[in-house]
Amino acid sequence: MKEKIIHSDYNVNIKGRRRTGSIWRWILQLSTIIGIIALITLLLNIINGAFGYVALEAKVDPATLAVNGVPLEEQSKEQLIDVLRSNLSSGAFNKLEHDQPFAERSRANVYQLVIERIVKYDIKASWQLWDSLTRASEIKATVAQDYPNAQLRFISWFTTDFVSRPQSSEALTAGVRTAILGSLWTILFTVLLAFPLGVGAAIYLEEYATDNWLNRLIRTNINNLAGVPSIVYGILGLAIFVRTLEPLTSGAIFGVVDPTTANGRTVLAAGLTLGLLVLPIMIINAQEAIRAVPQSLRKASYGLGATKWQTVWSHVLPNALPGILTGTILAISRAIGETAPLVVVGASTAISFDPASPFSKFTTLPIQIYQWTSRPQDEFRSLAAAAILVLLIILLSLNASAILFRNRFSRRL
Amino acid sequence: MEEQKKMNFVSSFHNRSTNLRGQRRVGEMIIQGLLFLSGFVSIFITLGIVYELGKEALLFFQMPEVSILESLTSIQWQPHTGNFGIWPLVTATLMTTIIAMSIAIPLGLAVAIYLSEYATPKARNILKPILEVLAGVPTIVYGYFALTFMTPLLRSIFGKDVVEIYNTASAGLVMGILILPLITSMTEDALSAVPRSLKEAAYGMGGTRLEVALQVIVPAALSGIAAAIIIGISRAIGETMIVAVAAGAGPRFTLNPFKGAETITGHIVRISGGDLSYDSIDYNSIFALGLLLFIITFTLNIISQGIVRRFREVYE
């Protein structure tokens with residue numbers, strides 16, 4: 001009797017266990033698919049925001065600005081300047097001339113001025129890509145009914161113009177050049193701080209450090225720092241770089257204070273803050289690269305009588321360099337996407353001029369995205385989506401180059 | 001004499017070329033010193049964080065409007081009326097964290113188990129980079145996603161009267177997606193560190209794939225999984241941009257996930273958005289909040305490392 005129970009248990013179980021197994025397999029697969037769907041939705045949502053119909057109402061109809069039958073879009077630079085001269089007050093016109101002489105301005109720039117100053121498009125409503133594609137006729141009817149003077153236009157917010165135009169408070173003419181340049185300036189100082197310190201620390205920990213309490217503390221501490229929220233680094237940067245080191249970060253001790261920044265909320269302060277933020281990541285990545293250099297290389301170098309530093313400099317570092325650079329690129333892509341610490345350090349909200357020195361005010365791409373996202377109007381959400389596309393493309397190309405680097409490196413060794 | 005000279009010559013020759021004793025090399029020592037210093041910088045950063053945050057936080061608690069007792073008991077955080085109860089910020093942080101983890105833990109573990117135990121190498125080679133991409137997307141992008149996708153979705157499911165435009169549920173859910181790849185990759189590392197022999201032995205005993213995974217491999221990797229979860233929690237508490245964009249602007253003591261509330265990080269970002277004047281109560285308060293954040297996350301990280309060290313199953 002007893003034996004029979006065991007026997008039947010054994011048999012029944014196999015079927016049940018198999019079934020449980022396949023149910024769970026299905027659940028696990030589903031979870032993975034949910035993860036992938038999340039990523040796809042994220043991307044589609046951004047693309048959805050970056051294109052779509054816009055209902056525009058012009059203050060001055062561009063058709064009335066045609067000269068001798070030549071429509072505005074086809075006019076030459078001189079004709080456009082004439083349009084500006086005849087439609088703006090002489091004071092406003094002279095101010096434009098004073099900001100930058102018309103002779104030096106490009107046609108695109110003058111055209112942009114005409115649109116901004118005279119035509120003055122007013123966005124009445126905007127729709128996202130999905131709606132624009134599926135409900136086009138409905139949208140057209142709504143616009144015709146609610147805004148009889150408006151024209152409906154399908155706009156791609158993500159254009160080459162968008163990348164090359166400076167920031168502006170008008171959604172139609174806003175661009176991200178200021179923000180991209182701000183990001184590049186900031187990253188420059190991030191790398192200048194984090195690369196030498198990170199590689200130095202990694203060399204110390206991998207090649208020199210003995211196993212004592214101090215070095216163990218340093219190791220543990222680096223791992224912990226990598227987990228500290230980025231906003232805490234922002235607060236640290238505010239206290240140290242913006243406030244305490246203000247003479248340095250505002251350029252006062254070099255005598256080159258930017259008149260617009262009387263305080264330390266500059267490119268330099270932002271870059272150094274991000275430098276501290278990515279330092280732990282930098283160290284951990286560089287350590288891995290150095291650890292991957294075969295021990296035999298070091299032994300061979302010592303065998304020939306090289307000193308420790310000679311070994312490190314001529315054998316370990318050159319072999320670890322591709323790995324270190326890959327790690328640096330990954331650290332940079334982390335820094336480029338950071339927003340929170342820069343808000344705390346004091347990124348400027350609306351600057352339309354390009355950063356020109358380490359002591360300029362700054363805004364970066366993620367900060368710009370944050371500001372556009374926080375505004376209630378739909379058209380700024382669309383701008384944010386377009387800026388996100390720019391950011392993602394930058395990050396994607398950085399990561400792709402890191403992967404290429406890694407592949408090349410692993411083939412060589 | 002001649003002999004002596006010869007001896008000297010020989011010994012000096014020997015001294016120069018075959019002295020096996022190490023020589024003092026000043027240059028090398030300087031370099032080693034510099035390298036040590038750059039290693040030590042990380043300690044300086046930690047000390048700097050503790051010192052700067054502690055100093056300003058102390059100033060904050062010394063202000064006449066603020067009392068520690070009130071901070072810990074009051075449920076109102078209104079700097080302009082002198083109310084500094086920490087609870088509205090803490091409950092909002094806890095809510096977003098709990099919502100995020102209730103998404104990230106089950107999904108993250110499931111994906112990790114699938115990737116390491118079920119997926120074919122080909123599938124893994126496609127899926128892992130996808131997860132890495134998901135992990136590399138800046139958090140502000142997730143913030144945009146929460147506000148323009150998740151919030152409208154929640155509002156269309158639960159009704160616009162129930163779900164406010166800014167709400168912690170939307171921020172928490174998207175945060176869960178953000179943390180998922182982190183938990184997955186750490187868990188997968190832990191799972192793949194379990195020795196193959198253990199797995200083969202379990203299969204040899206007649207275990208199904210699921211039984212081997214759940215009853216042998218997962219328990220063996222439990223310390224790594226626990227560490228992953230704790231790191232995930234720490235990440236969720238410190239996550240800023242998603243909540244700054246989508247969770248709401250204004251501290252509110254509520255446990256309703258469909259209402260707007262401000263987390264610790266969200267509050268810091270909003271307060272420091274303008275040009276903050278030094279030594280104002282707002283300025284000092286962000287340091288106190290930053291210190292709180294730092295202590296929580298630092299402790300969690302140390303606990304996670306401790307778990308890995310203490311409970312790691314060691315196999316030869």
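**Where the chains meet**

Author: Start with the interface in this predicted model. In it, 69 residues of chain A are in contact with 72 residues of chain B.

Reader: What makes two residues count as "in contact"?

Author: Their C-beta atoms must lie within 7 Å. By that test, 72 residues of chain B touch chain A. Helix α2 of chain B, residues 26-62, gives the most to that side, with 19 residues.

Reader: Which classes make up the side of chain B that touches chain A?

Author: There are 44 nonpolar, 21 polar and 7 charged residues. Gly counts as polar in that tally.

Reader: Now chain B by itself. How many helices and strands does chain B have?

Author: Chain B has 13 helices and 2 strands.

Reader: Why is chain B called more spread out than a compact globule?

Author: Set the value against the rule. For 316 residues the globule rule gives 20 Å. The radius of gyration of chain B is 28 Å, well over that, so chain B is more spread out than a compact globule. Its C-alpha trace spans about 110 × 70 × 35 Å along the principal axes.

Reader: What does chain A give on the radius of gyration?

Author: A compact globule of 413 residues would come near 22 Å, but chain A has 29 Å. The C-alpha atoms of chain A fill a box of roughly 95 × 80 × 40 Å. Chain A has 17 helices and 3 strands.

Reader: What makes a residue "buried"?

Author: At least 20 other C-beta atoms within 10 Å of its own. In chain A, 42% of the 413 residues are buried. In chain B, 44% of the 316 residues are buried.

Reader: What share of the contacts in chain A joins residues at least 24 apart?

Author: Count contacts between residues at least 6 apart in sequence: 76% of those in chain A join residues at least 24 apart.

Reader: Which domains are assigned in chain A?

Author: The assignment gives domain 1 (61-119) and domain 2 (177-412). Their centres, taken over C-alpha atoms, are separated by 43 Å.

Reader: How do you know how confident the predictor is in chain A?

Author: By pLDDT, on a scale from 0 to 100. Chain A averages 85, and 94% of the residues score at least 70. Residues 1-6 of chain A stay under 50. For that stretch the model has 0 contacts beyond four places in sequence.

Methods
Residues are numbered from 1 along each chain as its sequence is written. Chains are lettered from A and ligands numbered from 1 in the order in which they are written. This is a predicted model: local features need pLDDT of at least 70, side-chain atom pairs count only at pLDDT 80 or more; totals for chains, interfaces and linings use all residues. Helices (H or I, at least four residues) and strands (E, at least two) are DSSP runs, numbered from the N terminus. The radius of gyration is taken over C-alpha atoms; the globule rule is 2.2 Å times the number of residues to the power 0.38. A residue is buried if 20 or more other C-beta atoms lie within 10 Å of its own, exposed if 12 or fewer, and partly exposed in between; C-beta atoms are placed from the backbone. Domain bounds come from an automatic or database domain assignment.
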